[in-house]
Amino acid sequence: MRRALPEALLAAMLTAVLAVPIFGLRIHVDGIDVSLDRTPTPVVVAVVIVFLLRLFQGPLRAAWARARPPAAWRNPLADVLRRTRQQPRYRTLLWMLLLIAAVIWPFTASRGAVDVVTLALIYVMLGLGLNIVVGFAGLLVLGYAAFYAVGAYTYALLAQHYGLSFWLSLPVAGVLAALTGFLLGLPVLRLRGDYLAIVTLGFGEITRLLLNNLNVLTGGPDGIGNIPRPTLFGLEFGRRASEGNATFHEFFGIDYSGEHAVIFLYLLGLALVVLILFVINRLQRMPLGRAWEALREDEIACRSLGLNPTVIKLSALTLSAAFAGLAGAFFAARQGYINPESFTFIESAMVLAIVVLGGMGSQLGVMLAAIAITALPELAREFNEYRMLAFGLVMVLMMIWRPQGLVPATRPRLELPERAEPTP
């Protein structure tokens, strides 16, 4: 207790220093008068909580260890997931049930909830794409939003200048984003570690600055608007169709509703997620996927086996960029308007945090983390101004208590039976 007291006081002082400008001061605007109001209550509460937790950290840990249930009762969800991984039959059944529930859910939920989950599906696509580079191949890429922007601007420009539909522009966006990743990887992927991260970070910022300054092509800071929404076999989801087309509600003889477009975008995003999952799972079982994992574990050993690390890195970055391009095209179609501020470094950091929180190499963990990071803040909008603060706190706690992520990736292993000792 004597040793814990000064550490608790130091933690309380640091908390007070950090909490005063965040919680203790409020800017009050009344017409042209601006004043600074002091709210000491949140600061005092935060300081007291941190002081007590740090002071009684040892007894609290001991009590938690004594109150922890037996291993057979702990974490039933993890036990179910472990059993489904061991039985391919049950794993397929579980994924089918989840897919059926995801398809039925938008017809029972509110329009706002469906719209929020549609946004979460975009981050699921981005997380699954970045998981190839970071989780499977073990490379740190900090400029992932650049490929996201290439896909979004490809669809916006093709629709604006050439009148191409979403379905024709979607594969073009994926191919151009993949080509961008390929051209970036040729000179860059010979680097390792922090050097690779810094170069990709610079590429992301250069892309954003180019989008800001190429006013003739990209519209500059004003961006591109009036991006057409996707259609279903030529049927538009607006109240009135453009010349030569028909609307969805008129074709089926039903009343117009704005929920039709929202549900269609959700189902389209879900279909893209399923497509990305299918491609990744197939590649993961092929020699290319094994090469990614070998590169992640030990690059020198990978080279000694006759594999070319640069080619393996290039394949991972190219495929990852292609998925980011698909997500960018879908984002532009959903929003109807894009500008360079949608593709800042914060987006890259958010996607990287999704991969880390979910568990590097874990597809289910990435999907859960993307949905949690995107959907949970919408449930508590009154705390929206503290969103980044809570996000940073969650990252710190995850690195301390569960660095492997929410759902760690499982690796195949073989357990040999113990040899019985010979009897004398």
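**Helix packing and surroundings**

Modeller: This is a predicted model. The axes of helix 12 (residues 259–285) and helix 15 (residues 309–335) come within 11 Å, crossing at roughly 175 degrees.

Colleague: Roughly parallel or antiparallel, then?

Modeller: Helix 12 is roughly antiparallel to helix 15, because angles over 145 degrees count that way.

Colleague: Which residues make the contact?

Modeller: On helix 12, Leu265, Leu268, Gly269, Leu272, Ile276, Val279, Ile280 and Leu283. On helix 15, Leu319, Phe323, Phe330 and Arg334.

Colleague: How does the contact split by class?

Modeller: There are 10 nonpolar residues, one polar and one charged in the contact of helix 12 with helix 15.

Colleague: Step back a bit. How many helices and strands are in the protein chain?

Modeller: The protein chain has 18 helices and four strands. Its length is 424 residues, and buried residues make up 40% of them.

Colleague: And what share of the contacts comes from residues 24 or more positions apart?

Modeller: They account for 72% of the contacts with a separation of 6 or more.

Colleague: Where does UniProt place the feature "transmembrane region"?

Modeller: The entry is unreviewed, and it gives residues 40–56, 92–108, 120–150, 162–186, 261–280, 311–331, 351–376 and 388–404.

Colleague: Take 120–150. What is its helix content in the model?

Modeller: Residues 120–150 are 74% helix and 0% strand. The end C-alpha atoms of that span lie 20 Å apart.

Colleague: What about 351–376?

Modeller: Residues 351–376 are 85% helix and 0% strand, with the end C-alpha atoms 16 Å apart.

Colleague: On to cores. Which residues touch the most other members in the largest nonpolar core?

Modeller: Leu126, Leu128, Ile338 and Phe343 do, in a core of 88 residues. Helix 15 supplies the largest share of this core, 15 residues.

Colleague: What does Leu128 touch?

Modeller: Leaving out residues up to four places away in sequence, Leu128 touches Val273, Ile276, Leu277, Ile280, Gln363, Val366 and Met367. Ile276 and Ile280 also belong to the contact of helix 12 with helix 15.

Colleague: Now some single residues. Where is Ala375?

Modeller: Ala375 sits in helix 17, residues 363–379. The relative accessible area of Ala375 is 17%, so it is buried.

Colleague: How far is Ala375 from Leu119?

Modeller: They are 256 residues apart in sequence, yet 8.4 Å apart in space, C-alpha to C-alpha.

Colleague: Switch to helix 9. Is Asn212 buried or exposed?

Modeller: Asn212 is found in helix 9 (residues 193–213). It counts as buried because its relative accessibility is 17%, and the cut-off for buried is under 20%.

Colleague: What does Asn212 touch?

Modeller: Not counting residues up to four places away in sequence, Asn212 touches Gly220, Pro221, Pro340 and Glu341.

Colleague: And Ile198, buried or exposed?

Modeller: Ile198 is in helix 9 too. At a relative accessible area of 57%, Ile198 is exposed. Ile198 and Val141 are 57 residues apart in sequence and 8.3 Å apart in space, C-alpha to C-alpha.

Colleague: Back to the start of the chain. Which helix holds Thr15?

Modeller: Helix 1, residues 4–24, holds Thr15. Thr15 is buried, with a relative accessible area of 16%. Leaving aside neighbours within four places in sequence, Thr15 is in contact with Ala46, Val47 and Val50.

Colleague: Loops next. Where is Ser110?

Modeller: Ser110 is in the loop between helix 5 (88–104) and helix 6 (111–136). Ser110 counts as partly exposed, at 44% relative accessibility. Ser110 and Glu259 are 149 residues apart in sequence and 8.8 Å apart in space, C-alpha to C-alpha.

Colleague: Last one. What is phi of Asn226?

Modeller: Phi of Asn226 is near 55 degrees, which is positive in a residue other than glycine. Most residues other than glycine have a negative phi.

Colleague: Where does Asn226 sit?

Modeller: Asn226 lies in the loop between helix 10 (215–218) and strand 3 (235–236). Asn226 counts as exposed, at 79% relative accessibility.

Technical notes: Residues are numbered from 1 along each chain as its sequence is written. This is a predicted model: local features need pLDDT of at least 70, side-chain atom pairs count only at pLDDT 80 or more; totals for chains, interfaces and linings use all residues. Side-chain values use heavy atoms; hydrogens and water are left out. Helices (H or I, at least four residues) and strands (E, at least two) are DSSP runs, numbered from the N terminus. Buried means under 20% relative accessible area, exposed over 50%, partly exposed in between (1.4 Å probe, protein chains only). Axes are lines fitted to C-alpha atoms, for helices over the stretch in contact, and angles run from 0 to 180 degrees between N-to-C directions. Angles under 35 degrees count as roughly parallel, over 145 as roughly antiparallel, 65 to 115 as roughly perpendicular and the rest as oblique. Contact means heavy atoms within 4.5 Å. Ala, Val, Leu, Ile, Met, Phe, Trp, Tyr, Cys and Pro count as nonpolar, Asp, Glu, Lys and Arg as charged, and the others, Gly among them, as polar. UniProt positions are given in the numbering used here, feature names are shortened, and annotations may be inferred rather than shown by experiment. A nonpolar core is a set of buried Ala, Val, Leu, Ile, Met, Phe, Trp, Tyr and Cys residues joined through side-chain atoms within 4.5 Å.
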